[in-house]
Amino acid sequence: MEDKLKLYGFNNLTKSLSFNIYDVCYAKTPREQKNYIEYIDEQYNSQRLTDILTRVTEMIGATVLNVSKQDYDPQGASVTCLIAENPLTGMRTDTVVGHLDKSHVTVHTYPEYHPANNIATFRVDIDVATCGEITPLSTLDYLIGSFDSDIITMDYRVRGFTRNLEGEKLYMDHQIRSIQEYINDATLRKYDAIDVNVYDVNLFHTKMLVKEIDLQNYLFNTDVYEIPPQTRLEISSNLRREMIEIFSGRKIY
């Protein structure tokens, strides 16, 4: 608490975190595709996503004002949580609505299937926007641990300015060199990670690609040893190629 900045008035900095994960799997037969959809419905349904966003809100010391959620057929979901940075008591509805534009947490899911190589990809996008002292970076370890993530991309941006007691403009109220500083070392060892940061505009980007592929984890109700060795190699190669292209953000193969 002794290190907190002394400000003139309210902290007007806006901080936004975009957290995206990709879950990749192999689903060739109708049975495997059905099992994949059931897995998606269980792991990424709107209620579980709501629980995750509620926990994220608690972790940053904010309060959930309202939740809007929706599941989709055959899979996918969206959740939006409107949040306040301080506990609210006795506030009228119109006052709350006026406060909603300051902070929010949202999540959307996007299923995708590649019929040529039988690779299914599921993307989860989470956005956390806060205003003031709160920074959403402290939630990263929890978010990473909440999903099976083969590829992770994260963007953190601080906008606007506040002032210290002398009236000097401050465009950042905490030190940061990389988003990786906020991720557990044990987690980082599981991924290849690179940064693309633009320090002059307080923009930080990190993307991570899982290092090891255990093929059994990418199959549905199929034992890896039921598959011929050459086919195993082809599936693993297709999975890795898909991950590398998503990680790179461009067509490579």
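Which residues in helix 2 are buried? In this predicted model, the buried residues of helix 2 are S46, L49, T50, I52, L53, V56 and T57. They lie on the same side of helix 2 because they cover an arc of only 160° around the axis.

**Helix 2 and its surroundings**
- Helix 2 runs over residues 46–59 and has 14 residues, and the distance from its first C-alpha to its last is 20 Å, close to the 20 Å expected at 1.5 Å a residue.
- The buried residues of helix 2 pack against several elements, namely strand 2 (63–71), strand 3, strand 4, strand 5 and helix 4 (140–145).

**The two ends of helix 2**
- At the start of helix 2, N45 places a side-chain oxygen within 3.0 Å of the backbone nitrogen of Q47.
- After helix 2 comes G61, which has a positive phi, near 75°.

**Strands 3, 4 and 5**
- Strand 3 (residues 77–84) and strand 4 (residues 104–114) run antiparallel and are joined by five bridges, and within this pairing T80 stands opposite T106 of strand 4.
- Strand 4 also runs antiparallel to strand 5 (residues 119–131), to which eleven bridges join it, and here the bridge partner of T106 is D127 in strand 5.
- Strand 4 and strand 5 form a hairpin in which four residues lie between the two strands, and N118 in the turn has a positive phi of about 60°.

Definitions and conventions:
Residues numbered from 1 in each chain as written. Predicted model: local features only at pLDDT ≥ 70, side-chain atom pairs only at ≥ 80, totals over all residues. Heavy atoms only, no water. Pairing = 2+ DSSP bridges. Expected span 1.5 Å × (residues − 1). Buried < 20%, exposed > 50% of the residue type's maximum accessible area, 1.4 Å probe, protein only. Arc of directions from axis to C-beta. Contact = heavy atoms within 4.5 Å. Polar contact = N/O pair within 3.5 Å; in protein donor to acceptor, adjacent residues only side chain to side chain.
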